[in-house]
Amino acid sequence: MDKKRKELLQTYGKLDLRQANEDDGRLLWIWRDDPDVCAASFASTPIQWEEHVIWLQRKLKDIDCLIYLVVNKQGCPIGQVRFDKDISKSAEVTISIDAKERHKGYGSSALEHACRYVSQEHGIDRVVAHIKEWNKASIIAFTRAGFTDLGFVNFKGHKAIEMFWVPRKDPDS
Ligand SMILES: CC(C)(COP(=O)(O)OP(=O)(O)OC[C@H]1O[C@@H](n2cnc3c(N)ncnc32)[C@H](O)[C@@H]1OP(=O)(O)O)[C@@H](O)C(=O)NCCC(=O)NCCS
């Protein structure tokens with residue numbers, strides 16, 4: 001089995017998920033500094049490369065942080081999903097899909113599968129998202145992935161919609 005296959009965590013329909021590593025640093029940085037991602041983020045200023053490298057090294061060592069690359073069937077990384085766990089079994093999720101690959105259903109699919117994966121493999125039983133109120137594409141993607149809208153909250157000084165996901169109970173269990 002080659003290295004790329006070994007890195008794969010799961011294959012779901014038209015996408016794969018794999019764990020991020022230091023080699024993904026440049027790609028993660030390009031996505032983070034994409035103007036739409038900056039605007040959607042609660043810390044909207046662009047990040048310098050040097051600052052990003054330090055941040056990524058810290059995050060990859062952090063057992064409470066899980067970063068996954070979303071990979072298409074051609075083997076190209078097209079986005080990322082990140083979970084930051086808190087002290088309970090809950091985690092905050094953020095996502096970005098490469099600008100060229102948006103509106104193709106990857107965002108909702110990646111969220112749905114990544115949430116199920118962290119629930120099964122990491123025991124996370126609640127995933128929370130905060131979304132700026134104007135971010136319609138994001139609200140649609142999270143809703144399609146099974147998130148429930150909890151209404152408006154103040155998050156990091158911004159009016160945001162809070163959404164959450166919990167694993168569906170297996171009717172046979
Ligand atoms: C949010 C994001 C991850 C969604 O990923 P995606 O792959 O584009 O999502 P999907 O294709 O599954 O669904 C998006 C839906 O929103 C729709 N949409 C896109 N822009 C829209 C807008 N301005 N108004 C209303 N609907 C919109 C799309 O048309 C699509 O619906 P459709 O399938 O009926 O056409 C992606 O747009 C992104 O990376 N945005 C920048 C970063 C960001 O906002 N991250 C979320 C912060 S938590």
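I count two strands as paired if DSSP finds at least two bridges between them. Helices (H or I, at least four residues) and strands (E, at least two) are DSSP runs, numbered from the N terminus. This is a predicted model, where local features need pLDDT of at least 70, side-chain atom pairs count only at pLDDT 80 or more, and totals for chains, interfaces and linings use all residues. Residues are numbered from 1 along each chain as its sequence is written.

**Strands.** I began with strand 5 and strand 6, which pair in the parallel sense over three bridges. Ser90 stands opposite Arg126 in strand 6. Between these strands the chain passes through helix 5, and this β-α-β crossover is right-handed (with the strands pointing away from the viewer, the path from the first strand over the helix to the second runs clockwise).

Next I checked strand 4 (residues 77-85), which runs antiparallel to strand 5 and is joined to it by seven bridges. Gln80 stands opposite Ser96 in strand 5. The two, strand 4 and strand 5, form a hairpin with four residues between them.

**Ligand.** Which residues come nearest to the ligand? I found Ala40, Arg102, Gly107, Lys136 and Ala137, out of 22 residues around it (near means a C-beta atom, placed from the backbone, within 6 Å). Helix 6 (136-144) is among the elements that supply at least two residues of the shell, as are helix 3 (35-40) and strand 5 (90-97). Helix 6 gives the most, with five residues.
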